[in-house]
Amino acid sequence: MTATARLGNALKVLETRHRLRRLAARTGLDFASNDYLGLAGSDVLKRAAQDALDRGVPLGSGGSRLLRGNHPEHEALEAEAAAFFGAEAALYMGGGFQANQAIFSTLPAAGDLILHDALVHASAHEGMRLGRAEARGFAHNDISAARAVLADWRAQGGTGQVWIAVESVYSMEGDLAPLTALAELARAEQAVLVVDEAHATGVFGPNGQGLAHGLDAEVLTLHTCGKGLGASGGLICGPREMIDTLINRARPFIFATAPSPLDAAIVRGALRAVGQDPGLTLAARDRMAHAHAEAARLCGLTGFHSQIMPVIVGEDAATMDRAAKLQQMGFDVRGIRPPTVPRGSSRLRVSITGNVGAQDIMAVFQAIAEQQAGTA
């Protein structure tokens, strides 16, 4: 059998299991993206881009940051991001996936332990796979389980540095990490707490600075720029020594073409907007609260914690059928299946973005309620 035939057969198996992924155009009201503040298509970022072009900022970097790809816009963004997020230093990378790869494949050393939440993002797992440290997971958001896993590692002779890896807001569950308790554990163990703030940046924390802001522990944070900030790239923020180590040793940084200087200028505009206009964050929280109330009133759905609202369906085929029907009604809601989520927990991922209003939110949950009742 040829490679092409083998791959084709594998795709057919995915299709029969209702797990074949296809690219779909964006249509209907935005309940699918991560544009939580509505900045992606905003005049704010358009002006930032135009101002940068007028200053002569180039579209392409032309090379890696360690060659000629380094640009003053990159360095200005990193200085401003470090100040905004309360860190000693920051490093701008092409995306959050690349940034997590860099963190976990570079900073933990052989003999160290990466103690990670069971639901931490695939990009963190990819970095762990490439790195030299041992990785052990603990039950989602369970501090007692984290302590037990760590104690077991110590009992087996583990003596290295501990790195605790979590997301502050989980991308498919929409729940929040118990960061205060995790910071206490990190202090007790002299561990580094690595917090992926991808879905918190711009929405949670003081002035949208994230849920890890101000924690009393040694913290390294990742703030992706393509979600709440509406742009692209990823910012790693933390101690200067960690940032300099990434510059010197992280293969995803060293051997990658630098992000566009224009993108860096746009992210600078997004950070300024979030910092100077508290209304952006407050409006996102108001939309979130309204969505939680409408989900409870219309659908009897409760227990939500953030702008990410998973509606569990269970079966893959039923999930995708319900998502397709919502899309036909004008609501861009996407179905999420394994392996992204555990088997048997396929779901509608309703994302409350900055591109919908109160009436839109009421309407989408009315449509979901009709599906639950079997009338749609």
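Tutor: We shall take the sheets and then turn to the pockets and cavities. Please keep in mind that this is a predicted model.

Student: Fine. What is the strand order in the open sheet of seven strands?

Tutor: The order is β2-β8-β7-β6-β5-β3-β4, and the pairing is mixed. At the edges stand β2 and β4, each of which pairs on one side only.

Student: And by how many degrees are neighbouring strands of this sheet turned against each other on average?

Tutor: The average is 20 degrees, with direction ignored.

Student: Let us look at single pairs. Do β3 and β4 pair in the parallel or the antiparallel sense?

Tutor: Strands β3 (residues 113-117) and β4 (residues 134-138) pair in the parallel sense, over five bridges. Within this pair, Asp117 stands opposite Phe138 in β4.

Student: Through which helix does the chain cross from β3 to β4?

Tutor: The chain passes through α6 on its way from β3 to β4. This β-α-β crossover is right-handed.

Student: How many bridges join β5 to β6?

Tutor: Five bridges join β5 to β6, and the two strands run parallel. Trp163 stands opposite Val192 in β6.

Student: Which strands does helix α7 lie across?

Tutor: Helix α7 (residues 143-155) lies across β3, β4 and β5, and runs at about 145 degrees to β4. Helix α8 (residues 179-189) also packs on the sheet, where it touches β3, β4, β5 and β6. The direction of α8 makes about 175 degrees with that of β5.

Student: Now the sheet of three strands. What is its order?

Tutor: This open sheet has the order β9-β12-β11, with antiparallel pairing.

Student: Why is one side of β9 and of β11 left without a neighbour in the sheet?

Tutor: Both β9 (308-314) and β11 stand at the edges and have a single partner strand each, so one side of each is left without a neighbour in the sheet. Neighbouring strands here are turned by 35 degrees against each other on average, direction ignored.

Student: How many bridges join β9 to β12?

Tutor: Six bridges join β9 to strand β12 (residues 346-351), and the two run antiparallel. Pro310 stands opposite Arg349 in β12.

Student: Which strands of this sheet does α13 touch?

Tutor: Helix α13 packs on the sheet and touches β9, β11 and β12. The direction of α13 makes about 30 degrees with that of β12.

Student: On to the pockets. How much space lies in the largest one?

Tutor: The largest pocket holds about 1400 Å³ of space. Its lining has 49 residues, and those nearest its centre are Arg21, Met172, Gly335, Ile336 and Thr340.

Student: Which elements give two or more residues to that lining?

Tutor: They are α5 (96-106), α6 (122-130), β7 (218-224), α13 (316-328) and β11 (334-336). The largest share, six residues, comes from α13.

Student: How does the lining divide by class?

Tutor: The lining of the largest pocket has 22 nonpolar, 15 polar and twelve charged residues.

Student: What about the volume of the second largest pocket?

Tutor: The volume of the second largest pocket is about 370 Å³. It is lined by 17 residues, of which Arg26, Asp30, Ser33, Asp35 and Asn355 are the closest to its centre. By class, this lining has three nonpolar, eight polar and six charged residues.

Student: And how many cavities of 30 Å³ or more are there?

Tutor: The count comes to two cavities of 30 Å³ or more. The largest cavity has a volume of about 40 Å³. Among the residues that line the largest cavity are Arg65, Tyr92, Gln98 and Phe253. The elements that give two or more residues to this lining are β2 (89-93) and α10 (251-254). By class, the lining has seven nonpolar, three polar and one charged residues.

Student: Which element gives the largest share of the lining of the second largest cavity?

Tutor: Strand β6 gives the largest share, three residues. The volume of the second largest cavity is about 30 Å³. Its lining includes Asn100, Phe104, Val194 and Asp196, and it divides into seven nonpolar, one polar and one charged residues.

Terms used. Residues are numbered from 1 along each chain as its sequence is written. This is a predicted model: local features need pLDDT of at least 70, side-chain atom pairs count only at pLDDT 80 or more; totals for chains, interfaces and linings use all residues. Side-chain values use heavy atoms; hydrogens and water are left out. On a 1 Å grid over the protein atoms alone, a cavity is a set of points where a 1.4 Å probe fits but cannot get out, and a pocket is an open set with protein on both sides within 12 Å along at least five of seven lines; lining residues have an atom within 4 Å of a point. Grid points are joined across faces, edges and corners, and a volume is the space filled by probe spheres set on the points. Helices (H or I, at least four residues) and strands (E, at least two) are DSSP runs, numbered from the N terminus. Ala, Val, Leu, Ile, Met, Phe, Trp, Tyr, Cys and Pro count as nonpolar, Asp, Glu, Lys and Arg as charged, and the others, Gly among them, as polar. Two strands pair if DSSP finds at least two bridges between them. A crossover is right-handed if, with the strands pointing away from the viewer, the path from the first strand over the helix to the second runs clockwise. Axes are lines fitted to C-alpha atoms, for helices over the stretch in contact, and angles run from 0 to 180 degrees between N-to-C directions. Contact means heavy atoms within 4.5 Å.
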